[in-house]
Amino acid sequence: MGNFVVLPLFHRPLNSSKNDIELKSIDSQPIQEDTNKYHVNYDPSIHIESSLWINIKSRTKNKKLSNRIRTTRYNLLTFIPKNLFEQFHRVANIYFAILIVLNWIPVINAIAKTVAFLPLTVILVITAVKDLVEDLKRWRSDVYINKQLTEVYDKTSRTFVQCQWQDVSVGNIIRIRADQAVPADIVLLSSTSCESTCYLDTAAIDGETNLKQKRIASCFLNISKPEETSFELQCDPPNEDIYHFHGRIILAPGTDTYSCDNNNVLLRGCVLRITEYVDGIVVYAGNQTKVIRASKKTSSKHSRIERYINRDVLFSSVVLIFLCLFGAGLSLNWERSFGHLWIFVPFIVDNPLNNFASHFFVSTIRFVILFQVMVPIALYVSLDIVRVLQMYKIGRDKHLKYEHPISCRTFTINEDLGQIGYIFSDKTGTLTQNELIFRTVSIGGLQYSNRSELPEEHDALTYHFLTTLAICNTTFIVDEHPDLVHNLDYRPKYEGDNADDLVLCQAASDFGVRMISRSAQTVAVRYIDSTDTQKEDVEYEILCLLPFDSSRKRMSIIVRTNDKIYLYIKGAETSIWPNLSEYNEMNMKMTIEQHSIGFAEQGFRSLLVAFREIELEDFQNWFQRYQTAANALNNREEAIAAAASAIEVDLILAGLTAVEDKLQEGVPKAIATLRCAGIKIWLLTGDKQATALSTAQAASLVNMPQTSTVDSNSVSQSIAATMTTWDFSETTQQQLNQRTHMIYYGSQLIEMNQRLGTQSQGIIDEIRTSETITRMSEVIAAQTLPVCLVVTGDDLGCILRYRPEQFIRAAGQCQSVIFCRVSPTQKRELVTFAKSVFKERILAIGDGANDVGMIRESHCGVAVYGREGSQAVSAGDFAVDRFECLLHLLLVHGAWCFTRTSELILYTFMHNCQYVFVIFYDQIFNGFSGAVSIHSF
């Protein structure tokens, strides 16, 4: 069993409470707690009573290290007091309770005590029963999960023994067999796979159905029994980020340090597939595991109509206070009007001429109880009931169900669905199907759509181009028939979590360059000649893999074969072009650039492919820098990116790929309908400008004249041809067919730079941004045609730094805005600034993890079930199958919810006001005594 304490965060601040940090050792060897480190020590040579049994006996004493989970909110002793405490956090319950207490005072008593007590009691009991039922379900689930069985390595017997999940603790080495769930977050130590990998089903965590591949940490590749090896694992404190893990492993003091990352970690809840079994050391257990910490509820959202209700309730309170004070004054005046004859009036108990303040106070409180419904606190309860019924109605709408029914994760913003003024939409997977289809490649300036078009003998560019597609990826092979691997026609099944990698790897296979095996250290590629009669298998030693991220926008792999070292790279054009060698042929570069423009105009997504040969000495010098970056304690990603940039230079351009991502069915008509409803749509995408414009044209977001470079069978023209068949009115159709005036922020910026001339860079950045936005606003205001603004990510970064609100106000005049090459952070910041500027409600819709920020930040977040996992679905307020579901969600259910809720609110205020004023009018005839002629029931 291991010990652990806290280590500084490796990459960014994480949400970890003090209780998460101050953790005590439960091993037999005490250690001095160091509050500046977090590590797991494993020592198999400790001859003591079995650590497993120590864990079982000490389970209740070491809850922070235990794998036992508890999601219940109550127990037998705390249910009643804690539930009442939680319920009385609501202002309505406190308000009713105060009135009940006051009504029980004899001198104030205005209505029957039972009648005053009954409503609140019913509400409290019903809510308590509901909470009890929900908590019992959680308790049963906890018991079932905690008592599942797994295998734990026992140091005393040196064998794996069975125990319950709740008896597993941090530092234990556990064994997971095929089709078993992982009981805690573990770092992979060994695997029965000959490739030193394993395959996981992570559908329960991120919703992705494709298998994931995990690798053994590099330091354990040559160790047959890691459970008999001493080592120390340092890592991040427990956190909720399921996509990142930063750690390092030290096998012995004074030895090398080995980095480990998320590729070496198996998260709690994922299921092992294909592999017979794996062993791993528990690093996070129980409620400290990433999945459980990530399952915490996000901050709740509130609709705009609730602010109006709060305002009206405050005004009603003012009216109530005025009526009570006015009635108390009239009551006192009426009693004092009898003078000294008050003693002969039977219903006047005390002398009204004495204790003026006391009489006035008692009368005021009596009227507060009498007129209490003037403040419609019960309206909040009524709203909750109505909203639940509305959610039930939305959930059963057949227009919102395709593969999945609509998921409604919140019911507090139903009315906002009918008040949406702006939609911030992702492109890939939201407007498109995210089902990539390979179309063509450009190799050395020549375009090929299939293998038959290739020359019989591959030249060097073709060889390196297809090799890059085959191995520069995160794709892995699921061997369904490993015994057939030596056959010429063997076609392995590829799996992976990146759609581009999968389609390009398969394309390389179709072109005759086929990846046939892959491990953590090597990758084998089969080259098949054009006659399909001969093959050559080449094994590449993987020296380093530099993965793709949203900042670098490229990935590369460094391999060695025949004593030669090559770097193969593919990525976005903006990240590859600047790093090309000056020795590339200019004509070829110009041809590939023209192909890139043509592909983008057809709506294809493209990636540049390049390579270089590296000298051994240069690689060794660079690799030392890379290892230092990989083992960095702080800013690891930034250090690795800087190291990668140093080696990804002097590249030889090989070619360009083109894949198509078709629009979802119904998207053009949905966007056209939303535009007719007065809703403005802003498109935010990471694709380049030409691709984004082509998609916007096809989706009816803009209407631009067709260029000659677009093929006659393109998506844009086919969509444009069908627009006239939509069942819109003639006026609406003419409005949609109006040509869109395109304004490019970059062009405006160039003009402004020419005007400003050569000023100092520090001054010109802010000045030119402000002046460009001002000029752009004037151009937009002068246009009579619909306007679409196009902004790139680089320009947007400068805008958000200096003049975000000014830009948002100017862009708000446009019918639509298209943002290209934007990052997830920029998406979130755009929504944040838009919320502060626009009075209309903002809806954000996306399908991937990069859309989570803007979905959470918007007034109403809608997620699309897609191929990029369920993180967006978990963050969204609603989840739908397709973009076109927004039509019924906003224009039907949104309008119904807003209209019906508004009518309920108006009726409640009207009803309560009428009731109060009737009682107040009745007081004129009974001397403002507080007596009620209406029966209590």
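## A tour by selection

Begin with S700, whose place is in the loop between α18 (689-698) and α19 (715-722); helices (H or I, at least four residues) and strands (E, at least two) are DSSP runs, numbered from the N terminus. This is a predicted model, in which local features need pLDDT of at least 70 and side-chain atom pairs count only at pLDDT 80 or more, while totals for chains, interfaces and linings use all residues. Residues are numbered from 1 along each chain as its sequence is written, and side-chain values use heavy atoms, with hydrogens and water left out.

With S700 still selected, look at the backbone: phi is near 65°, a positive value in a residue other than glycine. S700 is buried, at a relative accessible area of 2%, where buried means under 20% relative accessible area, exposed over 50%, and partly exposed in between (1.4 Å probe, protein chains only).

Next select N434, found in strand β16 (residues 432-443). N434 also has a positive phi, of about 60°, although it is not a glycine, and with 7% relative accessibility N434 counts as buried.

Now move to the aromatic rings and select Y422 and W682. Rings of Phe, Tyr and Trp (its six-membered ring) pair if their centres lie within 6.5 Å, and planes under 30 degrees apart count as stacked, over 60 as edge-to-face and the rest as tilted. A search of the whole structure finds 26 aromatic pairs. One of them is formed by Y422 and W682, which are edge-to-face at 5.9 Å centre to centre, with 80° between the planes. Because Y422 lies in strand β15 (residues 420-426) and W682 in strand β27 (residues 680-684), the pair ties together parts that are 260 residues apart in sequence. Y422 counts as buried at 6% relative accessibility, and W682 counts as buried at 0%.

F819 counts as buried, at 0% relative accessibility.

Finally, select E615, in the loop between β25 (604-614) and α15 (616-630). E615 is exposed, with a relative accessible area of 54%.
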